[in-house]
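I opened the model to look up its charged pairs and its nonpolar packing. My notes follow.

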Amino acid sequence: MIDFYRAMEKARIPYFEYGPTAIDSYFGHAMEYPVKFFAIQGSMVDLAKAFDAIEYPSLPYADVSVRKSAIGFEARILCLEDGGKAGVTEMGRFKRDPRSGRFYDPEGVYEALKSRNFQPRPSSEEGALFETAAILSRFFPSPTEESLPPLPIPEAPSLLWQKDLLTFILQGPGSSRSFELLRKSGFIQKYWPILDDLLQVDHAKDCHPEGGGWSHTMEALGHRKSFNLTLSLAILLHDVGKPHSEAAEGRKFDKHAEIGAHIAARFLRSLGFEETIVSDAQFMIRWHMLPAALPKLPPGKVEDLVLDPRFPNLMELYRCDEFSTFKGPDAYYAACAAYKAMVRNARNPFRDIGGRKNPQSFSRTRS
């Protein structure tokens, strides 16, 4: 794997982190699945000499792309000598020199960063929606949240553009603000209709006083303790099956987890997410209703699921799902107790996962 920064120094290409990546550096925010934005005082030819395998994604914010498999993160690089402009809004022109650690603030946005109070403005710029949504995700909502201005949506955003946007905003504390901006601008309805369909999901007020499917999902995102991308994708998409499910046997959204898992997997694959991310998110969505029933289920019937290495993240999804309903933590704590007991028993050679004595283990000990 190539060290990106050393390669840039060796090639003597002046470069800066810009926009969302510079703001992440300012806040000390480290993404678990990083997509980093750079602007260079150089050309695509210069980059082709520095890296063996580069791609030309034709993105409005990047002329050149370097894959995560080559350098450890996804690099999107804007070449200023080829006519690129680093950013379209005031926040976008904020930049940082990784060599010196020095920040450059040509538009005077430092006060907004210092107070962590970013108020988006109306704009007709083509790239304003992407950049504003990305930056907005790094700020927690203020107590007196303003109305978000609608911004122009692109005519035909590439799948990589969409993947970058979704990846970036989900790894920040203000993800729900970014999704509200995308919804108000019409982007969700046009390009991510599986999320727009959540607006049609009507929840029972006694179970979901936070509101319908969209409100519930945004609330669930706000309960995350980490911004792991796969977990965040699963939380975002965990209820996308509800608009396509039917009531049966007293269940208003029968089999919505199974339906949603297939819909989510198809959506994530269409955007080009790695198969490991897709399959792990699909697992969590498919089984997100299981933890609620864990204290009542025979342990032997769920042993394979409970001992799956992805189950702790599934429990975290359940926590966010449950806490967003304002019902209190009792059901979650009961599920945690049941889960811990099963894991503890599974590690005990003299017990089965349900805690019963294992006759075979005792016979081996006596012999």
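Which side chain meets Arg138 in a salt bridge? I found Asp24, at 2.6 Å, N to O. A salt bridge here is a side-chain nitrogen of Lys or Arg within 4 Å of a carboxyl oxygen of Asp or Glu.

I note that this is a predicted model, where local features need pLDDT of at least 70, side-chain atom pairs count only at pLDDT 80 or more, and totals for chains, interfaces and linings use all residues. Residues are numbered from 1 along each chain as its sequence is written, and side-chain values use heavy atoms, with hydrogens and water left out.

I placed Arg138 in the loop between helix H6 (128–136) and helix H7 (159–169) and Asp24 in helix H2, so the pair ties together parts 114 residues apart in sequence. Helices (H or I, at least four residues) and strands (E, at least two) are DSSP runs, numbered from the N terminus. Arg138 is buried at 3% relative accessibility, and Asp24 is buried at 6%. Buried means under 20% relative accessible area, exposed over 50%, partly exposed in between (1.4 Å probe, protein chains only).

I also looked up Thr21, which is in helix H2 (residues 20–27) and is buried at 5%.

My search of the whole structure gave 17 salt bridges. One of them joins Glu9 and Arg99 at 3.8 Å, N to O. Glu9 is partly exposed at 39%, and Arg99 is partly exposed at 40%. Glu9, Asp97 and Arg99 are linked in a network of salt bridges.

Last, I checked the largest nonpolar core, which has 90 residues. Such a core is a set of buried Ala, Val, Leu, Ile, Met, Phe, Trp, Tyr and Cys residues joined through side-chain atoms within 4.5 Å.
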